[in-house]
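Hi,

Here is the structure I promised to pass on.

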Amino acid sequence: MKVLILTHGTRGDVQPYAGLALALRRAGHEAVLAAPAAMAGLADPHGITFAPVDDGTNKLIDEPRIREAIESNYRGLRGKKVALEVMRRSKPLMAKVFDDMAGVAEAGADLVVHAPGIPAHHFAEWLGVPAVPAALQPVWVPTGTFRNPMLPVPLPKALNRASYLAIKLMLRSFGGIADRLRAERLRLPRRRGRHDFLRRPDGGPATVLQGFSTHVLPDGLDYPRWVHTTGFWFLPAPPGWTPSAELAAFLAAGDRPVYIGFGSMAGNDPARVGRVVAGAVRRAGVRAVLATGWGGLRVDDLPDGVFLLDQAPHDWLFPRMAAIVHHGGSGTTGAALAAGRPQVVCPFVADQPFWATRMHAAGVAPPPRPQRRLTAEVLAAAIGQALDLEENAGRLGHLIQAEDGARRAVKILESLS
């Protein structure tokens, strides 16, 4: 079958879908990954067919004022003003993205798999094929077991299920764009419930994939039968990838180092974060690999026994580390789990505090260490605590690997054809 996969965002929002596309390809299917043009490098080494679309709202993150507001979770009056500005500016940017995706959909597909934030169920309706929302975070399907992880405030358990309405209201901000797309390009009639991606056009429930593990969610899950939580979707290292001679030599020269990296989020003051990290490494007395990433940790005074790394495939690098210090994105969290390594999670925003809390509950990480309160002393102590959790992390790692999430997702998609 031909499967069209549509997603948008930064690397962490795209890479798991590339892993799913690769699993489909290995199973003998044709997978087309439509994502921001800047993400083509995730697909090309694996021979995944890639359809570039406009970078859309990714362009806003390059503006320091907006980036600062995002990484502070739009805190304060100034943050709220920026949030309103981002919403206003996002609409025309995403209209271009959706239009590009409609162009990709014109080539046809037997199945449309999409990130829930992309109104791609309209394309599937246009093609007359099933749409499968595929979530990377447990924020889209209501459950009474825990509140929506995107909400930063505690709620009575009785309101857990209602808390998921907030994200539906957020998505409705693109309703006008989707309606224009339906009317002007797709020639689809208006119908009741057209914006609910959890429902098929006939009103029945859509099949939903969740690309994370039940092993790290709270007990007593009450997801409906049409929701499949498969396990994480991993994209392996590109074929033939090898580390640089310098990295290989560093790893061979001593004890396992600690990985420290915050992905695309290094805070609005990367120099301060760099000083905190350097001080923590000295205090903890460990070797370390510091990943600068897109956000750019800046370390002016590099301690001895530290290797500065742009990036390396997590499935190769993480098993060689003593512990993983990261921001709590779902992709990095999953990779650290699969590697069987203990973690220190320093969340910024969005679903990251949820994953940080769940890693602590799973016994593979000390309590969360939020970025805004991070000091060298706090981080050094957390690294020491994490190193004592290696046995727990190893046990959970075996469970995560055994799930083979992408392959399970492929089996579910095959059942729909």
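Strand β6 (residues 208-210) and β7 run parallel and are joined by three bridges; strands count as paired if DSSP finds at least two bridges between them. Across that pair, Gln210 sits opposite Thr229 in β7. Helices (H or I, at least four residues) and strands (E, at least two) are DSSP runs, numbered from the N terminus.

Before you dig in: this is a predicted model, where local features need pLDDT of at least 70 and side-chain atom pairs count only at pLDDT 80 or more, while totals for chains, interfaces and linings use all residues. Residues are numbered from 1 along each chain as its sequence is written, and side-chain values use heavy atoms, with hydrogens and water left out.

The whole sheet is open, with seven strands in the order β3-β2-β1-β4-β5-β6-β7 and parallel pairing. At its edges are β3 (49-53) and β7 (227-229), each pairing on one side only. From one strand to the next, the twist averages 20° (axes are lines fitted to C-alpha atoms, for helices over the stretch in contact, and angles run from 0 to 180 degrees between N-to-C directions).

Helix α5 (residues 76-105) packs on the sheet, touching β1 (2-6), β2 (30-36) and β3; contact means heavy atoms within 4.5 Å. The direction of α5 makes about 145° with that of β3. Helix α16 (residues 405-414) packs on the sheet too, touching β4 (111-114), β5 (131-135), β6 and β7. Its direction makes about 175° with that of β6.

Cheers
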